Amino acid sequence: MTRAPGPQGGLILGSLSDFKADSLGFLSNAVRDYGDIVRFRFGPMTAHLINRPEYIEQVLSRNTANYDKATRSASRIAATTGDSLLSANQTAWKRHRRLIQPVFQPRCFDNVGSVIDSLMDPTLARWEAEGSIDIVDEMMQLVIAAAIKILFSSDIDPQRLNAALEVVLADTWRRIEAPLDGAMISPRLHRPAFKAAVRTIDEMVLSLIQNRRLLKDRPDDVLTRLLVAHETEGEVQLSDKELRDAAVTLLLAGHETTANALSWAFIHASGGFATANPAHIFAEAIRLHPSIWIVERRTIEDDRIAGYHIPRGSSVLISPYILHRHPDFWPDPERFDPSRFAGEQPRLRQAYMPFGLGQHRCVGLYLANKMAAHIIAAVFGRFELRLLPGQTLGALAGITLRHDQPVRMQVTRK
Ligand code: HEM
């Protein structure tokens, strides 16, 4: 059986240390040195990075029965989200997807514009008074406040929730990367900071749910729609625990992804693209900096991709970050150019998957794009943003593609 080419790595950990030291650099070098399918060993685990649309479609769209999400990452994430849409279990996932899909139709988000406008007015007035801002922190605060209002029509403390979500995501990524994770043996072995953050999230989200159950006149939002969602078979209403898991999943999956993508959009566009179409600015920002920079699947039975053997139980990795720089599809890939999205360019679209592909494709795609376009239009309608000099910008690949430090921008009234 033909093995795909790939680096040898160290005797015990294989390429794990190199991957941990600089994931994006390591994967970029791997496709440069070995091509569009690369075999690695991470400790005891075999993994393949696949980097052509047709290989990726095989895994995410055509042969989904052979690739599930029973991966290290999914099991670590489940420590916070419980049994939810991000869950590894295929039957549970199907049920959650069936419940959530209708709640996330475009028509459910007619209020996005008014919510964003109501938040932008005080935010932009403050920016003007302060003169310079940390765009990363601003987007984190803005998106969580918007998400709380859009999804739950609530004004629970966005800063407190944001802080707790950050701790949870950072700790989850630490455990995904660690060769051993005690918390998988017993939840008691979670770090105290993680446990405290989950307690805060639980307290905030559960009180939201309990209050909503008592309300006679319920707002028409995602929480109410989830609350009244019934299983098609059995008509059993979701329990508080199930609702909590669904709500936390949406916050976890939707907040940092959208906020980081937006800060990349402002950073890139401040280089002379502020008048471009906001949707194109956002699309190009998540080409270069897709918040979900890696997607993982587990191979159920032996398979072949591009003629190479993919052993059962091994991991398949797909990196939108690497694919979006593929020179066969993206001329001058490192250049930020929103006009790439101005017309229909089907060949490029094939190699573009910031929101994933196939049955697990992002449910929040429409919401994220709509929020982003509104926020970008509101900011550039009033201000010019410029990066303050003397900063080196680096991308940190955790659960989402973050900035490695605060990014300060100067705000000038147009
Ligand atoms: C720029 C913002 C966003 C990006 C780049 C993004 C990206 C992605 C990607 C790549 C996946 C597929 C993962 C996989 O196949 O394993 C995904 C799934 C998902 N996303 Fe998003 N997302 C964003 C915003 C949101 C928002 C706003 C929400 C909800 C409020 C959300 C909720 C979800 C959920 C629940 C899933 C799991 C779907 C499933 O497995 O069936 N995302 N997202």
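Predicted model: local features only at pLDDT ≥ 70, side-chain atom pairs only at ≥ 80, totals over all residues.
**Notebook: ligand shell, a helix pair, a sheet**

I started at the ligand: helix H11 (240-269) and helix H15 (365-382) each put at least two residues into the shell around it. Helices here are DSSP runs of H or I with at least four residues, strands are runs of E with at least two, and both are numbered from the N terminus. Residues are numbered from 1 along each chain as its sequence is written.

I looked up the shell next. 24 residues surround the ligand, the closest being Ala253, Gly254, Gly356, Cys362 and Gly364; a residue is near if its C-beta atom, placed from the backbone, lies within 6 Å. H11 gives the largest share, 7 residues.

Then I checked what packs on H11. The axes of helix H9 (residues 192-214) and H11 come within 10 Å and cross at roughly 120°. Axes are lines fitted to C-alpha atoms over the stretch in contact, with angles from 0 to 180 degrees between N-to-C directions. In H9, Ile201, Asp202, Val205, Leu206, Ile209 and Gln210 meet Asp240, Leu243, Arg244, Ala247 and Val248 of H11 (contact: C-beta atoms, placed from the backbone, within 7 Å).

Last, the sheet. It is open, with 5 strands in the order S1-S2-S8-S5-S3 and mixed pairing (strands pair if DSSP finds at least two bridges between them). S1 (37-42) and S3 (67-68) are the edge strands, each with a single partner strand, so one side of each has no neighbour in the sheet. S1 runs antiparallel to S2 (residues 45-50), joined by 6 bridges.

Definitions and conventions. Contact = placed C-beta atoms within 7 Å.
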